[in-house]
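Here is a short report for a reader meeting this structure for the first time. Please look over the sequence and the model before reading on.

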Amino acid sequence: MFLIIGRALKESFINFWRNGWLSVAAVSVLVLSLFVVGAVFMLGMVADNVLKNVENKVNISVYFKSDVAEEKIQASKKDLEGFKEISSVEYISKDKALEIFKRDNADEQVIMESLEEIGENPLLASLVIKANNPSQYQVIVDYVNNASFKDDVSRVNYGKNKDLINRLNSIILQIKKIGLVLAGIFGAVSILIIFNTIRITIYTHKQEIEVMRLVGSSNMFIRLPFIFEGIIYGVVASLVASIILMIAIKFINVYASSVVSSGNLFAFYLDNALYILGLQIAIGAFLGIASSWIAMRKYLKI
Amino acid sequence: MKKERKIKIEETEDMNEEKYSRESKDPSVLIRFDHVSKFFKDDKDVLSDINLEIKRGEFISIVGHSGAGKSTLLKLIYAEEMPTVGSVYFDEVSLDMISRRKMPYHRRRIGTIFQDFKLLPKKTVFENVAYAMEACGAPKNEILEDVPQILDIVGLGDKMEKFPHELSGGEQQKVVLARALIHKPLVIAADEPTGNLDPVSSIEMVKLLLEINKLGTTVILASHDREVVNKAAKRVIVLDHGKIICDDAKGKYKMC
């Protein structure tokens, strides 16, 4: 059994090598399709990452009227913390709000001057609420609007980020859809090309196959080299595609690093490289086997 | 490897099983054609109603014009073609009882020789013969032992490293014969083996076939070469338009 597999492997490597340009054609189309698959996958992961980042920045700010006592706000905070949908509630006092405001607008001369002119702290104390899940914000907002402390609330700030998230979500979905379609098209084309390549290989080995059948070699022995050839196409193509993807990411790294949380797209790729490579090899080998199997069924009378 | 061997044994046992065999069971009959007809799509019969028994160890010449159905008759034996009507029995087992998976094992019982040799041009003489063994999963040491031995028998022991195009037609045909013999087949089916050979090589070829026959292998020789058939001087079957018109036990080449 090992003997047969070993001989078939040897045979398929020789085939792959001797068919030169044919192999190059088959592999390059496969590379293209695997590159698209890899890129789409990478894009998807980056997009998820971005979405998560943005979601983390979303919160609800509940501003209390300036005459509400701190104890009362603290009580509302306790009340809100009891919700399982809410992951954290942070109390920002008037003084702290002013501090943050001053820090953020330190460069704005006009604003700072007008602030001094007012003389007193114009800012309101607030509670900053973060939810576990962005879809729960609406529920929380509704609750706050009807809560026992609603009379103390000056305004609830929510919605500023909501549109942004929804838009981002739909864009990502679009990208994923287009990517899948592209990957499907390239996959189909590469099946056709490998199919053709194997068919030509079978044709050039017609005599050999005829002799094999006549001397009574088992069907497996006739088939295996072609299947292995398909697998070789797949594996070589996925390795090449990974290298190209790596170079491409290294190249766009400079422009695109800000979108991922770690700030380094290349490092992000390396973190997931094994995953992507595995996926590409699996898809490549599958395409190779599938197309050579179809070609054999049609052209080997065994 | 071990598994392979085991399957092989099961295979042969299976083929010999009682339930597949029918009626007259003369153990000396190796191949039996039972009302066999063969026709291809919208064509007249290539073979019609052939009844023929070939005994173990027999040397049988099949003669006839080209297109008389000689090649088809041989193809039915090594199951390259299946009969349209009737059955071909090998060792009293009908060939259409053998599944596709088991067919290779049937073919190993038959050595084939052709007019156009069917040698692989990019392989040496040794490799061409070894290939037949490799293709059946024989271990390396067995190949290294058997191949030179068989090449010695056909008289090519000193030309093992030559390529087919470096040999004469007669020598190439001997390589084919060696390849056919490597599985120690029960039958040698030779389809016009002397078609591309000069008279001297042809006679040499027949002598070799006779020698092999003497060692117990059944030989079926399809030919339209008068010299060759007369040299063999064995049973002659004459085919004409797909019918057997003559079956002569001590035969000369003739058209009846």
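How many of the 302 residues of chain A count as buried? The share is 27%. Keep in mind that this is a predicted model.

**The two chains**

Chain A holds 10 helices and four strands. Read from the N terminus, its elements follow the order α-α-β-α-β-α-α-β-α-β-α-α-α-α. Take the contacts in chain A with a separation of 6 or more: 86% of them link residues 24 or more positions apart.

Chain B has eight helices and 10 strands. It counts 256 residues, and 41% of these are buried. Of the contacts in chain B between residues at least 6 apart in sequence, 69% join residues at least 24 apart.

Helix 3 of chain A covers residues 70-81, which makes 12 residues. From first C-alpha to last it reaches 16 Å, close to the 16 Å expected at 1.5 Å a residue.

Which residues of helix 3 of chain A are buried? They are A:Ile73, A:Ser76 and A:Leu80. Viewed down the axis of helix 3 of chain A, these buried residues fall within an arc of 60 degrees, so they line one face of the helix. An α-helix has 3.6 residues a turn, so residues three or four places apart point the same way.

What do the buried residues of helix 3 of chain A pack against? Their partners are strand 1 (60-64), strand 2 (86-92) and strand 3 (126-131) of chain A. On the other side of the helix, A:Glu71, A:Gln74 and A:Lys78 are exposed.

**A sheet in chain B**

Chain B contains an open sheet of four strands. The strand order is 2-1-4-5, and the pairing is antiparallel. Strand 2 (47-55) and strand 5 of chain B are the edge strands, each pairing on one side only.

Strand 1 (residues 29-38) of chain B runs antiparallel to strand 4 of chain B, and five bridges join the two. Within strand 4 of chain B, B:Ser87 stands opposite B:Asp34.

Helix 2 (residues 70-77) of chain B lies across strand 1, strand 2 and strand 4 of chain B. Its direction is at about 120 degrees to strand 1 of chain B.

Most residues other than glycine have a negative phi.

B:Glu92 is found in the loop between strand 4 (85-90) and strand 5 (93-94) of chain B. B:Lys118 lies in the loop between strand 6 (110-114) and helix 4 (125-134) of chain B.

**Where the chains meet**

The contact takes 16 residues from chain A and 19 residues from chain B. On the side of chain A that touches chain B, helix 1 (2-18), helix 8 (206-214) and helix 9 (219-256) of chain A each give two or more residues. Helix 8 of chain A supplies the largest share, six residues. By type, this side of chain A divides into eight nonpolar, five polar and three charged residues.

Conventions
Residues numbered from 1 in each chain as written. Chains lettered and ligands numbered in written order. Predicted model: local features only at pLDDT ≥ 70, side-chain atom pairs only at ≥ 80, totals over all residues. Buried ≥ 20, exposed ≤ 12 C-beta atoms within 10 Å, placed from the backbone. Contact = placed C-beta atoms within 7 Å. Nonpolar A, V, L, I, M, F, W, Y, C, P; charged D, E, K, R; others polar. Pairing = 2+ DSSP bridges. Axes fitted to C-alpha atoms, helices over the stretch in contact; angles between N-to-C directions. Expected span 1.5 Å × (residues − 1). Arc of directions from axis to C-beta.
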